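Subject: Predicted model for you to look over

Hello,

Here is the structure I promised. Please open it alongside these notes.

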Amino acid sequence: MSNVLKANEFFDINKLPPEKGLLLFGLSMNRLLNRQSPEKCFEDIRHISPSKVNKPLIGLNFIYSDFLYLYSDKPAPELKKTFMVEVIKHRNGMMNLLEKNALEFQLQHAFNYMVWNQLYVGTNNFNDLFEEIKRIYKKDELFQKYLEEDCQTFGREMKENQVNFFLEENLMCYLLSKGQVKLPNEFIENNQKWVLFCYPGRALKSHIYLHQINPFKLKWNENPYQDSYYDLESKQLIDFNRIDLETYKVK
């Protein structure tokens, strides 16, 4: 019997690498009160640690996507006030849960909290890369097709703000997985040999396509997850190299 995995067939992770690494929990602003509440995030952490940890060499960065949500028609001051309150409340909730369970999670300084703006300053030339991705998107009919399908999946209109939202999100996740973003973490001190992006729900088709075409020819061979994504909902590692986008389902 063949042990070769079929296209679009995924399984859970058994053990994470024994070297220093970072788990990246991407946090959507519209899910902080439900699926990505502190309590739900804590359950997700417990699914991973300690059962999947080889050695205590792993940090975890929570990344709030606040600034990404400025692709909106709402007034910026209104969004700023709302997001500031939500981010602080969520971070305090996570810190309280981790402190209450300090015996279980003794390395309190292995957890870091970031906002989207910090990712910009962690790259060398994000604006230039973003402009290039937009140029690629405008010329690539498959890219356009998959992003349109993503919009349909989530009931979003194909307006400029929504397209830019998905393109920027996809680009940043791609750069993170390829080791192109400096990530502050007191425990790891930017010495990570791997990172793994984690989110409750499957990766977008346009996100996967960006990895598959790898427009900037980026490689981080040390990172076994440079073209992967961990779905915290299904508890599966989504390997982009084994995906047939024509038959893959986001939902």
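Is β1 largely enclosed by the rest of the structure or left open? β1 is largely enclosed, because seven of its seven residues are buried. Buried here means under 20% relative accessible area, exposed over 50%, and partly exposed in between (1.4 Å probe, protein chains only).

Some ground rules. This is a predicted model, in which local features need pLDDT of at least 70, side-chain atom pairs count only at pLDDT 80 or more, and totals for chains, interfaces and linings use all residues. Residues are numbered from 1 along each chain as its sequence is written, and side-chain values use heavy atoms, with hydrogens and water left out. Helices (H or I, at least four residues) and strands (E, at least two) are DSSP runs, numbered from the N terminus.

The sheet

Six strands form an open sheet with mixed pairing, in the order β3-β2-β1-β4-β5-β6. Two strands count as paired if DSSP finds at least two bridges between them. β3 and β6 (236–239) are the edge strands; each has a single partner, so one side of each lacks a neighbour in the sheet. On average, neighbouring strands are turned by 30° against each other, direction ignored. Axes are lines fitted to C-alpha atoms, for helices over the stretch in contact, and angles run from 0 to 180 degrees between N-to-C directions.

β1 and β2 pair in the parallel sense, over seven bridges. Leu 23 is opposite Leu 60 in β2. Phe 25 is opposite Phe 62 in β2. From β1, Gly 21, Leu 23, Phe 25 and Leu 27 point one way. Leu 22, Leu 24 and Gly 26 point the other way. In a regular strand the side chains alternate between the two faces of the sheet.

The core

The largest nonpolar core has 81 residues, and Leu 23, Phe 62 and Leu 196 touch the most other members. Such a core is a set of buried Ala, Val, Leu, Ile, Met, Phe, Trp, Tyr and Cys residues joined through side-chain atoms within 4.5 Å. α6 supplies the largest share of this core, ten residues. Leaving aside neighbours within four places in sequence, Phe 62 has contacts (heavy atoms within 4.5 Å) that include Phe 25, Cys 41, Ile 45 and Met 94.

The helices

α1 (residues 38–48) has these buried residues: Pro 38, Cys 41, Phe 42, Asp 44, Ile 45 and Ile 48. Seen down the axis of α1, they fall within an arc of 160°, so they line one face of the helix. That arc is taken from the directions from the helix axis to the C-beta atoms. Their cover includes β1 (21–27), β2 (58–64), α2 (76–100) and β3 (111–115).

α6 (residues 160–177) is mostly covered, with 15 of its 18 residues buried. α6 lies across β1, β2, β4 (194–199) and β5 (228–231), and runs at about 145° to β4. Gly 179 follows α6, with a positive phi near 75°.

His 211 is in α7. His 211 is buried, with a relative accessible area of 4%. Beyond neighbours within four places in sequence, the contacts of His 211 include Cys 173, Tyr 174 and Phe 240.

Lys 205 is also in α7. Lys 205 is buried too, at a relative accessible area of 9%. With neighbours within four places in sequence left aside, Lys 205 contacts residues including Glu 149, Asp 150 and Tyr 248.

Best wishes
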